[in-house]
Amino acid sequence: MTQYFLSLPHDSETEPTMESIDPAELEQLMAEVGAFNTALQDSGAFRFAGGLMPPSTATTVDATGDGPEFTPGPFATASEYLGGFWVIEADNDDDAIGWAKRASRVLRSRVEVRALQEAPPA
């Protein structure tokens, strides 16, 4: 089976977090996401998932030169950023896209689907 990365875009201008969502809406959202995660787990597709803090909280580390350099903020700026993700396992692209459709409905957001690279056969 192939592992897939389901990623959730967020708006860089507003940098939404759980703290910025109305508590009643957050409670409903967390219940729906919990049910989705349970369905993933029950199917055996779930590997792991996480939500990320906004890019403004990042530190970029570059240790490719003489000494490490630390820069506050993201390594790149964009109108959107990766806000959260799932790593799932699916038999094929269609199955992974099916899970992404369900996630998109639950989160009322777009979801990008990408297969993880596998090492070429030896």
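1. A residue is called buried under 20% relative accessible area, exposed over 50%, and partly exposed in between. The model discussed here is predicted. With a relative accessibility of 25%, Phe5 therefore falls in the partly exposed class.

2. The structure contains four aromatic pairs. One of them joins Phe5 and Phe85, whose rings are stacked, with 5.7 Å from centre to centre and 25° between the planes. Phe5 belongs to strand β1 (residues 2–11) and Phe85 to strand β5 (residues 80–90), so this pair ties together parts of the sequence that are 80 residues apart.

3. Is Phe85 buried or exposed? Phe85 has a relative accessible area of 16%, and because the limit for buried is under 20%, Phe85 counts as buried.

4. Phe85 also pairs with Phe48. Here the arrangement is edge-to-face: the centres are 6.0 Å apart and the angle between the planes is 80°. Phe48 sits in strand β2 (residues 46–51) and Phe85 in strand β5, so the parts tied together by this pair are 37 residues apart in sequence. The relative accessibility of Phe48 is 45%, which means that Phe48 is partly exposed.

5. Which residues do the ring pairs link into a cluster? They are Phe5, Phe48 and Phe85.

Technical notes
Residues are numbered from 1 along each chain as its sequence is written. This is a predicted model: local features need pLDDT of at least 70, side-chain atom pairs count only at pLDDT 80 or more; totals for chains, interfaces and linings use all residues. Side-chain values use heavy atoms; hydrogens and water are left out. Rings of Phe, Tyr and Trp (its six-membered ring) pair if their centres lie within 6.5 Å; planes under 30 degrees apart count as stacked, over 60 as edge-to-face and the rest as tilted. Helices (H or I, at least four residues) and strands (E, at least two) are DSSP runs, numbered from the N terminus. Buried means under 20% relative accessible area, exposed over 50%, partly exposed in between (1.4 Å probe, protein chains only).
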